[in-house]
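Good morning, and thank you for coming. I should like to take you through one structure, helix by helix and then loop by loop.

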Amino acid sequence: MHLDRDLRVSGSFQVIAEACFRQFRLNESILMDRANPSALHQARVALRRLRSAFSLYKMILVDAESHRLKDELRWLTGILGTARNIDVMIARVASSDIKSRLLEARDSAYEEVLNALYGSRAKALMLDLNEWLHCGEYLTLPETAEIRNGPVVDFAIEVLDRQRKTLKKRGKSLVEADDEHRHEARKAAKKLRYASEFLSSLFASKQAERRYGKFIKSMEQLQDELGLLNDMATAPTVVHDLGLDSHPDAQSLIVVGNREKLVNAAQSSLDELMERKRFWRG
């Protein structure tokens, strides 16, 4: 997506939200035609990006409808997430017996996804979101007028600085942290990644582009490592929820690896990221 530097803050949110909404709807149409794992994954990513946009622009999204829509997006993301977890496990498993069990669970999960997408709640969400985006109360509230009508570049710098600071705080001492705190660091990394992608076009100098490339490369490495750590922590719960923890081949569904080595690698990647020059500052 491209953001014009002359945009106001509210206008930049609309451009970003429309892009996320379009990404979801395009993949939703594929998903409703056939049970396609890639389409489901991209539809879920689109919803997560949209929810992140809500968080990044929370200073202007203070109306009741904003909060309601964000809760509805969380609901729909969760339904897609259940099916996505099974897809990931199917790609990992070798046992034919446990794979057949997973395929049954996948059919059920995809049926739930389709029931949700065809249902009145999801349809209302799509209509309400689109109407609110262009005509919502958040566009006229007096208490947010100053920031809402402010220059987008200043806002972007503030947002990116804040998300970087949050990640630095959440990622402090990853080695000593527990799984829950590392998960918080992972969420903070994801928000910074999305914010960077949303706002990078505002900083288009050659120097900014070089810095952005290096910044995103470090972010990808960190996210991969934190993602593996999260899979190690959550896989047993997913296996239990599927009723497969007593299966003799259940261990094949659990992500294995040297946790200590991976944590140390994630800490190194985070430290490297924090040393990167910020592409949004000259």
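How are α8 and α9 oriented to each other, roughly parallel or roughly antiparallel? Before I answer, please keep in mind that this is a predicted model. Two packed helices are described by the angle between their axes and the distance between the axes. For helix α8, residues 179-199, and α9, the angle is about 150° and the axes are 9 Å apart. An angle over 145 degrees counts as roughly antiparallel, and α8 and α9 are therefore roughly antiparallel to each other. The crossing of α8 past α9 is left-handed.

Let us look at the residues that form this contact. On the α8 side they are D179, R182, H183, A185, R186, A189, K190, L192, R193, S196 and E197. On the α9 side they meet Y212, F215, I216, M219, E220, L222, Q223, L226, G227, L229, N230 and A233. Divided by class, the residues of this contact are eleven nonpolar, five polar and seven charged. As for the spacing along each helix, an α-helix has 3.6 residues a turn, so residues three or four places apart point the same way.

I turn now to a second pair, α2 and α3. Helix α2 covers residues 37-56 and helix α3 covers residues 64-92; their axes come within 9 Å and cross at roughly 150°. That angle makes α2 roughly antiparallel to α3. Here too the handedness can be stated: α2 passes α3 in a left-handed crossing. From α2, the contact draws on P37, L40, H41, A43, R44, L47, R48, L50, R51, F54 and S55. From α3, it draws on S66, L69, K70, L73, R74, L76, T77, L80, G81, A83, R84 and D87. The contact of α2 with α3 has eleven nonpolar, five polar and seven charged residues.

Next, two individual helices. Does the length of α4 agree or disagree with what its residue count predicts? Helix α4, residues 96-118, has 23 residues, which at 1.5 Å a residue should span 33 Å; the end C-alpha atoms are 32 Å apart, so the two agree. Its buried residues are I98, L102, R106, A109, Y110, V113, A116 and L117.

Helix α7 gives a similar check. Its 19 residues should span 27 Å at 1.5 Å a residue, and its end C-alpha atoms are 27 Å apart, which agrees. Buried in α7 are V152, V153, F155, A156, I157, V159, L160, D161, Q163, R164 and L167. The cover over them includes α1, α2, α6, α8, α9 and α10.

Q23 sits in helix α1, residues 9-33, and counts as buried because its relative accessibility is 16%, below the 20% limit. Beyond residues up to four places away in sequence, Q23 touches Q42, V45, A46 and R49. S10 is also found in helix α1 and is buried, with a relative accessible area of 11%. Leaving aside neighbours within four places in sequence, S10 is in contact with I60, L139 and R148.

Finally, the loops. A35 lies in the loop between α1 and α2 and is partly exposed at 42% relative accessibility. Which residues does A35 contact, leaving aside its neighbours within four places in sequence? They are R106 and Y110. A35 and R106 are 71 residues apart along the chain, while their C-alpha atoms are separated by 9.7 Å.

N149 is in the loop between α6 and α7 and is partly exposed, with a relative accessible area of 40%. Its C-alpha lies 9.9 Å from that of I60, although N149 and I60 are 89 residues apart in sequence.

S173 belongs to the loop between α7 and α8. Most residues other than glycine have a negative phi. S173 is not a glycine, yet its phi is positive, at about 55°. S173 is partly exposed, with a relative accessible area of 37%.

G257, in the loop between α9 and α10, counts as exposed at 55% relative accessibility. G257 and L229 are 28 residues apart in sequence and 9.1 Å apart in space, C-alpha to C-alpha. L229 is one of the α9 residues that meet α8, which returns us to the pair with which we began.

Terms used: Residues are numbered from 1 along each chain as its sequence is written. This is a predicted model: local features need pLDDT of at least 70, side-chain atom pairs count only at pLDDT 80 or more; totals for chains, interfaces and linings use all residues. Side-chain values use heavy atoms; hydrogens and water are left out. Helices (H or I, at least four residues) and strands (E, at least two) are DSSP runs, numbered from the N terminus. Buried means under 20% relative accessible area, exposed over 50%, partly exposed in between (1.4 Å probe, protein chains only). Contact means heavy atoms within 4.5 Å. Axes are lines fitted to C-alpha atoms, for helices over the stretch in contact, and angles run from 0 to 180 degrees between N-to-C directions. Angles under 35 degrees count as roughly parallel, over 145 as roughly antiparallel, 65 to 115 as roughly perpendicular and the rest as oblique. A crossing is left-handed if the near helix is turned anticlockwise from the far one by less than a right angle, and right-handed if clockwise. Ala, Val, Leu, Ile, Met, Phe, Trp, Tyr, Cys and Pro count as nonpolar, Asp, Glu, Lys and Arg as charged, and the others, Gly among them, as polar. The expected span of a helix is 1.5 Å times one less than its number of residues.
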